[in-house]
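The sequence and the structure are shown first.

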Amino acid sequence: NIPAPAEVFGNMVDLFQNARFRTNIWMSVQRIMMGFAGATVMGVALGLLCGRYALVKGLLFPALEVLRPIPAIAWVPISIMLWPTTENSIVFITFIGAFFPILINTMAGVKGVDPVLLRAAKSLGANEYTVLTQVILRAAMPSIFTGLAVGMGVAWVSLIAAEMISGQFGVGYFTWEAYSLIEYPNIVLGMIVIGVLGLLCSGAIVMVSRWMMPWQQISNSGGAK
């Protein structure tokens, strides 16, 4: 039952001319961007606060640690009840998938900041806000972008699973529908599209990291010489 490459390619040419298929791709991209953006903002913000302040960590982190092992797909039933529309619930599941890797890696980055940098900033008269945003955040960026890369992968897994279970549009829904209708070439095509979209998202994170951390490129060039 495994389709031949030529059969998959033939279906791909036909499907990319299909408006519904393009809508499925756009819906998945839109959902991943919304969920991932929310997870990035909250994950980095809470990671900075929990990593920097023991009181905040003591108040928030135990509850977050209880929620962290729960797979994103296990949130599907409760998210359907929590949110008024299916669309909101799918975005929420995508958010959950990306949030915890970003949070944990941000906290690890904050903990790994060289204390010499903090003492130097304080001795130069920097206030706490400046230390947090200009020293700790910048020093933790390598770990933060590692969390973003991992979070993006988990977000795609969560999104596709949510679309298969409760979606009406999206690449995950398209792939599951192809299985239900015994359209085997479309199953493979759906998997390829998911892989390509994930690759593009990961590449975008790498490009942003190079733009926001130019000093790493300089350091790497110096090390290579």
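A salt bridge is counted here where a side-chain nitrogen of Lys or Arg lies within 4 Å of a carboxyl oxygen of Asp or Glu. The model to which this criterion is applied is predicted.

**Salt bridges**

A search of the whole structure finds five salt bridges. Arg-31 takes part in one with Glu-163, where the closest N and O atoms are 2.8 Å apart. This pair links distant parts of the chain, since Arg-31 belongs to helix 2 and Glu-163 to helix 8, 132 residues apart. Both Arg-31 and Glu-163 are buried.

Arg-31 also meets the side chain of Glu-87 in a salt bridge, at 2.9 Å from N to O. Because Arg-31 lies in helix 2 and Glu-87 in helix 5, this pair ties together parts that are 56 residues apart in sequence. Arg-31 counts as buried because its relative accessibility is 3%, under the 20% limit. Glu-87, with a relative accessible area of 26%, is partly exposed.

A further salt bridge joins the side chains of Arg-68 and Glu-65, at 2.6 Å from N to O. Salt bridges with shared partners connect Arg-31, Glu-87 and Glu-163 into one network. As for the Arg-68 pair, Arg-68 is partly exposed with a relative accessible area of 38%, and Glu-65 is likewise partly exposed at 29% relative accessibility.

| Salt bridge | N to O distance |
|---|---|
| Arg-31 and Glu-163 | 2.8 Å |
| Arg-31 and Glu-87 | 2.9 Å |
| Arg-68 and Glu-65 | 2.6 Å |

**Overall architecture**

The protein has 11 helices and zero strands. Its C-alpha atoms fill a box of roughly 65 × 50 × 25 Å, taken along the principal axes. Of the 225 residues, 39% count as buried. Among contacts between residues at least 6 apart in sequence, 77% join residues at least 24 apart. The accessible surface comes to about 12,400 Å², and 70% of that surface belongs to carbon and sulfur atoms.

**Nonpolar core**

The largest nonpolar core holds 55 residues, of which Phe-99 and Trp-156 touch the most other members. The elements that each give two or more residues to this core include helix 2 (19-52), helix 5 (86-111), helix 8 (141-166) and helix 10 (184-212). Helix 5 gives the most, with 12 residues.

Once neighbours within four places in sequence are set aside, Trp-156 is in contact with Ser-28, Ile-32, Leu-197, Gly-198 and Cys-201. Cys-201 counts as buried at 12% relative accessibility. Another cysteine, Cys-50, is buried at 1% relative accessibility. The structure has zero disulfides.

**Surface and loop features**

Ile-78, Met-81, Leu-82 and Trp-83 make a nonpolar surface patch of about 420 Å². Within this group, Met-81 is placed in helix 4 (residues 76-82). Met-81 counts as exposed because its relative accessibility is 64%, over the 50% limit.

Most residues other than glycine have a negative phi. Ile-182, by contrast, has a positive phi, near 55°. Ile-182 is found in the loop between helix 9 and helix 10, and at 56% relative accessibility this residue counts as exposed.

Terms used
Residues are numbered from 1 along each chain as its sequence is written. This is a predicted model: local features need pLDDT of at least 70, side-chain atom pairs count only at pLDDT 80 or more; totals for chains, interfaces and linings use all residues. Side-chain values use heavy atoms; hydrogens and water are left out. A nonpolar core is a set of buried Ala, Val, Leu, Ile, Met, Phe, Trp, Tyr and Cys residues joined through side-chain atoms within 4.5 Å. Buried means under 20% relative accessible area, exposed over 50%, partly exposed in between (1.4 Å probe, protein chains only). Helices (H or I, at least four residues) and strands (E, at least two) are DSSP runs, numbered from the N terminus. Contact means heavy atoms within 4.5 Å. Patches are made of residues with over 30% relative accessible area and no salt bridge: like charges are joined within 9 Å, nonpolar side chains (Val, Leu, Ile, Met, Phe, Trp, Tyr) within 5 Å. Accessible areas come from the Shrake-Rupley method with a 1.4 Å probe; for residues, only the protein chains shown count as cover. A disulfide is a pair of cysteine sulfur atoms within 2.5 Å.
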